[in-house]
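Trainee: Could you take me through one part of this model in detail, please? I would like to start with the surroundings of the ligand and then move on to the sheets.

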Amino acid sequence: MFPAFVNITEEIQKRRTFAIISHPDAGKTTLTEKLLLYGGAVQLAGSVTARKNQRATTSDWMELEKKRGISISSTVLQFDYNGYRLNLLDTPGHKDFSEDTYRVLTAVDSVVMVIDSAKGIEPQTRKLFEVCRQRGVPIFTFMNKCDRPMKDPLALVDELERVLGIGAFPVNWPIGDGYDFRGVFDRQTSQMHLFERTVGGKYRAPVSVGGVDDPAVRGQLDDTTFNKTVEELEMLEHAGEIFDDAAVLAGESTPVFFGSASNNFGVQLLLDGFLKHAPAPKSRVMGGIEISPENPAFSGFIFKIQANMDPKHRDRIAFVRVCSGKFERDMTAHHSRSAKKVRLSSSHKLFGNERETVDEAYPGDVIGLVGHDSFGIGDTLTTDPKILYKEIPRFTPEAFAHLHNPNTAKFKQFRQGLEQLMQEGVIQALYLRNSSIKTPLLAAVGPLQFEVVQFRLESEYGAASRLESAPWTVVRWLPPDMKEDELDALSLPTGSRLAYDIGKNPVILFQNEWSANYFGETNKLVPLSTLPVQTAKE
Ligand SMILES: Nc1nc2c(ncn2[C@@H]2O[C@H](COP(=O)(O)OP(=O)(O)OP(=O)(O)O)[C@@H](O)[C@H]2O)c(=O)[nH]1
Ligand SMILES: [Mg+2]
């Protein structure tokens with residue numbers, strides 16, 4: 001049991017573990033930086049990115065993010081603010097990397113959904129929203145980029161409710177927009193917050209706060225902006241909605257905050273408003289058993305693996321979300337995949353690329369474990385082997401390609417690099433049946449994943465590669481218990497091919513949807529599935 005001086009309930013109640021999600025380019029990484037600035041975790045916004053960029057001279061993989069100006073992988077940042085311990089996960093928005101983003105969603109207790117106020121709800125935001133809703137994850141909304149010509153704020157709120165089918169409660173309201181965006185009105189305290197822009201938004205924006213009638217504040221606004229804001233606020237009041245915590249926690253209503261991440265407008269209000277209402281870690285239900293975070297057994301699961309994050313340490317980190325009990329460095333835990341006991345000695349807390357040894361961790365924390373090659377995505381680590389999490393979603397690949405090694409002298413590097421990257425789950429692999437080609441067929445949710453594999457093979461393993469696209473676009477799983485002779489007996493449409501996934505489950509690769517449907521109709525006794533039957537060991 002726990003030593004008397006640690007109150008585990010208190011530790012759990014302090015934790016807020018959340019992801020920032022949205023369509024590409026809405027401003028997730030920018031907002032993350034600004035939350036760190038306001039959370040006191042960095043002194044100067046941009047310093048995490050800046051550190052990343054300095055490293056880019058040695059870690060070219062980050063170079064790819066910089067070159068393209070997009071996030072290709074999620075980032076974990078842990079910091080303390082105002083009595084809370086935050087575990088923040090910035091996710092990539094591009095749909096080709098949605099496997100990474102979806103895995104992160106299994107590890108968090110709430111999300112901040114960022115919306116570009118000029119664009120409203122974009123397709124990827126909608127998809128991510130659906131995943132959150134299915135999981136019942138509470139959603140907080142940040143309407144970003146109010147410093148640009150934006151949609152009418154009432155229309156934005158209406159769009160949220162209409163398109164996503166969720167209640168929306170504006171916690172604050174924009175004052176002016178575009179060049180005239182001056183700040184926000186906090187509806188809960190009835191205070192105006194007027195900000196000044198700072199060069200590059202590096203420092204906190206100076207703010208003056210006052211009631212609507214406060215002359216110091218009123219004097220800063222022109223009549224048009226002031227009257228429009230007051231009119232809109234009256235309309236909102238008239239609608240008479242109240243902040244409903246229970247609906248927010250049930251994922252039925254989202255608190256809405258307006259602002260501009262790049263200018264630091266509204267960031268503090270978002271941070272404080274979020275912390276006030278976001279949930280602490282709660283129970284997870286697995287196979288009908290409820291595992292409370294206060295369960296004395298330590299348990300957690302691996303939702304991400306990443307090698308070579310820091311060129312100083314060429315190693316592999318398994319990201320674990322702690323779900324129950326207390327983690328202690330050097331403890332021994334049961335590892336679900338190998339069914340063996342493992343000693344967890346090299347544990348870290350993470351802040352982007354930086355890491356620091358951590359001696360203990362509590363439910364809600366994300367920690368990085370180094371030095372276990374047998375760890376895979378989805379694995380459970382626990383002191384109670386009865387606990388088994390099956391959280392990680394699988395995706396149906398839609399793009400297929402062969403990867404060749406053009407340089408026989410580098411065969412070892414090529415092979416080792418590819419194996420590592422597949423273990424990280426950067427890409428899926430299939431093995432063609434009866435094939436002389438020994439390298440796997442790469443299977444991706446989107447083609448940018450191939451680019452990342454090639455880039456990282458070259459920069460981290462010194463192995464060049466040549467990509468050859470494969471003729472298939474559809475994969476379907478066969479029943480996992482099919483025997484070899486039954487597979488032999490199948491009559492496949494022209495151009496189709498049998499293969500196995502990494503769990504040795506048989507699949508068919510089809511040239512197109514039509515061909516897959518045709519097979520389905522002519523082989524009614526062979527049920528096809530778009531995803532493998534999930535076994536916890538995978
Ligand atoms: N005008 C304006 N631009 C912003 C604001 N916030 C972010 N941006 C810009 O929007 C662009 C995209 O920002 P990111 O933070 O990289 O977007 P992201 O959502 O992390 O993008 P991905 O991770 O690739 O999906 C950058 O050029 C930012 O400078 C804002 O409040 N106002
Ligand atoms: Mg980003």
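Mentor: Helix H2 (residues 28-38) gives the largest share of the shell around ligand 1, three residues; helices here are DSSP runs of H or I with at least four residues, strands are runs of E with at least two, and both are numbered from the N terminus. This is a predicted model, in which local features need pLDDT of at least 70 and side-chain atom pairs count only at pLDDT 80 or more, while totals for chains, interfaces and linings use all residues. Residues are numbered from 1 along each chain as its sequence is written, chains are lettered from A and ligands numbered from 1 in the order in which they are written, and side-chain values use heavy atoms, with hydrogens and water left out.

In total, 17 residues surround ligand 1, and the closest are Lys28, Thr29, Thr30, Asp147 and Ser260; a residue is near the ligand if one of its heavy atoms lies within 4 Å of it. By type, the shell holds four nonpolar, eight polar and five charged residues. Here Ala, Val, Leu, Ile, Met, Phe, Trp, Tyr, Cys and Pro count as nonpolar, Asp, Glu, Lys and Arg as charged, and the others, Gly among them, as polar.

Now for the atoms themselves. Thr30 places a polar side-chain atom 2.5 Å from an oxygen atom of ligand 1, and Ser71 has a polar side-chain atom 2.8 Å from an oxygen atom of the ligand. Thr29 uses its backbone instead: a polar atom there is 2.8 Å from an oxygen atom of ligand 1. Taken alone, ligand 1 exposes 660 Å², of which the protein buries 79%; accessible areas come from the Shrake-Rupley method with a 1.4 Å probe, and for residues only the protein chains shown count as cover.

On to the sheets. One is an open sheet of four strands in the order S7-S8-S9-S10, paired antiparallel; two strands pair if DSSP finds at least two bridges between them. Its edge strands are S7 (172-175) and S10 (207-210), each pairing on one side only. Neighbouring strands of this sheet are turned by 20 degrees against each other on average, direction ignored. Axes are lines fitted to C-alpha atoms, for helices over the stretch in contact, and angles run from 0 to 180 degrees between N-to-C directions.

Within this sheet, S7 and S8 are joined antiparallel by four bridges, and Trp173 stands opposite Phe185 in S8. Strand S8 (residues 183-186) also has four bridges to strand S9 (residues 191-195), again antiparallel, with Val184 partnered by His193 in S9. S8 and S9 form a hairpin with four residues between them, and Ser190 in the turn has a positive phi of about 55 degrees. Helix H9 (residues 223-239) lies across S7, S8 and S9, at about 155 degrees to S7; contact means heavy atoms within 4.5 Å.

Another open sheet has seven strands in the order S27-S24-S26-S25-S29-S30-S28, with antiparallel pairing. Strands S27 (466-469) and S28 (474-477) stand at its edges with a single partner strand each, so one side of each is left without a neighbour in the sheet. The twist averages 40 degrees from one strand to the next. S28 is joined to strand S30 (residues 506-510) by four antiparallel bridges, and Val474 has Phe510 as its bridge partner in S30.

Technical notes:
Polar contact = N/O pair within 3.5 Å; in protein donor to acceptor, adjacent residues only side chain to side chain.
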